[in-house]
Structure formats: structure tokens, C-alpha cells
Amino acid sequence: MIRWIAFDADDTLWENEKYYHDGQTLLAQLLAPYQPAEVVEEELLKTETSNLSWYGYGIKAFGLSMIETAIRLSNGAVGSAEINALIRHLRSMLEQPADLLPGVLETLQLLQTDYRMMVITKGDLLDQERKLSNSRLEDFFEAYEVVSDKHDDIYAKLLKRHTIEPREFLMVGNSLRSDILPVVKIGGHGVYVPHRFTWAHEVVTDTNSHADGYFQVDSITELPLILETLKHQ
């Protein structure tokens with residue numbers, strides 16, 4: 001029986017990736033004199049991926065990778081105007097309100113009396129704390145965990161710290177790679193809620209081999225029905 005439900009934050013509870021998408025578009029526009037947009041997108045992803053072990057996830061890491069990519073693809077020709085444009089966009093990302101996704105508030109209200117809930121997210125600690133505060137969802141959650149990455153070992157340590165058995169734990173998120181498959185691997189449950197924007201790094205191409213380990217829904221509002229189904233398994 002499920003006792004604990006954990007939610008990813010970005011693009012599960014509130015909008016996030018669309019602002020990164022806008023940043024990629026801006027970078028492609030600034031580098032148009034030097035490289036086509038598809039090359040900029042491909043090279044930015046390579047830079048972000050190679051920098052994960054150094055900078056981790058989040059807006060600041062994204063900004064450093066954009067600047068590095070701009071300098072490399074232009075052979076150092078980009079100037080202060082282009083760099084300032086990127087920095088202004090990054091600042092605007094940090095200033096965005098926590099725009100809740102449809103059905104989030106109503107779903108949390110339905111679940112709060114029967115389940116203990118937490119958030120498990122990755123990214124910059126200061127930015128994630130700011131978004132949680134701005135979202136006004138704090139009172140729904142007993143814990144708010146910001147981790148450097150999401151894989152099975154990290155989930156196992158979190159569950160042990162909170163004295164949660166994997167079979168009693170369900171993770172809800174928009175990333176198969178980070179939110180769902182690692183939890184299923186340690187014996188927990190997953191509900192995958194795809195978002196219209198997904199960072200290429202998070203895409204899992206071979207989903208058929210994992211299809212029996214989790215539920216996929218179109219909206220977070222379907223979560224109560226999934227939980228009712230699990231009660232009878």
C-alpha cells in the first residue's frame with residue numbers, strides 16, 4: 001500500500017523547461033552569423049552534458065554552458081552585447097513566477113489527507129527553494145529534497161533516511177530517466193506525466209523494455225485513480 005508520494009518539481013508541479021527552450025532559441029539567434037540553429041542546439045546539449053559533473057543542473061549551469069558554447073562556436077567572436085543578452089535572459093528565468101501546471105493544486109488537495117507527500121527535485125538549491133516558496137505549495141509537503149542527480153542509489157538513500165519502504169513509495173514526474181525508472185529499479189512505483197517540453201538529456205528512447213514498471217498518464221489529475229488501482233493490487 002502506498003504511504004508516501006513524491007513529486008518532481010520542474011515541469012511536474014510548475015512550468016520550467018519552456019524558459020530553457022526560449023534560452024536555446026535566443027542563443028541560436030545570437031549565433032546565426034556563425035552557425036545554423038541545429039548545430040547550435042546540438043553543441044549546446046553536448047556542452048551541458050559534459051558540464052554536468054562540474055556545474056550540475058539548473059539555470060546557472062545552463063547559463064555557463066550557453067556562454068561557453070557561444071564563445072566556442074563563434075571562435076571567440078561574440079562580444080559583450082551577446083553575452084549580456086544571455087545574462088539578461090538568465091536573470092529573467094530566475095524572476096519567473098512558479099506557474100503551476102493545470103490540476104496540480106486540486107490534485108494535492110485531494111491527496112493530502114490520505115498520503116504523506118514530499119518533493120524530490122534536482123537543480124540549484126537557491127532557485128528551487130525560491131520556486132517552492134513562490135508556488136505556495138509548501139504546506140502540502142513534509143520534505144523538500146534538492147539533490148545533485150537522480151539515480152537509484154540516491155533514491156534508496158532518501159527512502160532510508162525517511163524510513164520509507166520502496167513498495168510504499170510512489171514517484172510522480174515528467175522524466176522517465178530521472179523520476180520514474182530509478183524508482184522502479186529499487187522496487188518503488190512510478191507515474192510518468194509527460195510534459196510538452198523535455199530536455200533532450202532526459203529522453204529515454206527504449207521505453208518498451210520498461211513499460212510494465214510504471215503508469216503513464218496525460219494529466220496529474222489522473223493520479224488519484226492510479227492510487228485507487230494500486231490499492232487493489
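H195 sits in the loop that runs between β5 (189–192) and β6 (215–216). The model is predicted. H195 has a relative accessibility of 11% and is therefore classed as buried, the cut-off for that class being under 20%. Its side chain is joined to the side chain of E15 by a polar contact of 3.0 Å. With neighbours within four places in sequence left aside, the residues in contact with H195 are D11, E15, L101 and N174.

N16 belongs to another loop, the one between β1 (4–7) and α1 (17–30). N16 is buried because its relative accessible area is 8%, and buried means under 20%. The side chain of N16 makes a polar contact of 3.3 Å with the side chain of K131. Outside the four places on either side in sequence, N16 is in contact with D10, D11 and K131.

| Residue | Partner | Polar contact |
|---|---|---|
| H195 side chain | E15 side chain | 3.0 Å |
| N16 side chain | K131 side chain | 3.3 Å |

The surface is represented here by W54, a residue of helix α2 (residues 37–55). W54 has a relative accessible area of 71%, so this residue is exposed; the cut-off for exposed is over 50%. Together with Y55 and L64, W54 makes a nonpolar surface patch of about 390 Å².

Definitions and conventions: Residues numbered from 1 in each chain as written. Predicted model: local features only at pLDDT ≥ 70, side-chain atom pairs only at ≥ 80, totals over all residues. Heavy atoms only, no water. Helix = DSSP H or I, 4+ residues; strand = E, 2+ residues; numbered from the N terminus. Buried < 20%, exposed > 50% of the residue type's maximum accessible area, 1.4 Å probe, protein only. Polar contact = N/O pair within 3.5 Å; in protein donor to acceptor, adjacent residues only side chain to side chain. Contact = heavy atoms within 4.5 Å. Patch = residues over 30% accessible without salt bridge, like charges linked within 9 Å, V, L, I, M, F, W, Y side chains within 5 Å. Areas by Shrake-Rupley, 256 points an atom, 1.4 Å probe, with all protein chains shown as cover. Salt bridge = Lys/Arg side-chain N within 4 Å of Asp/Glu carboxyl O.
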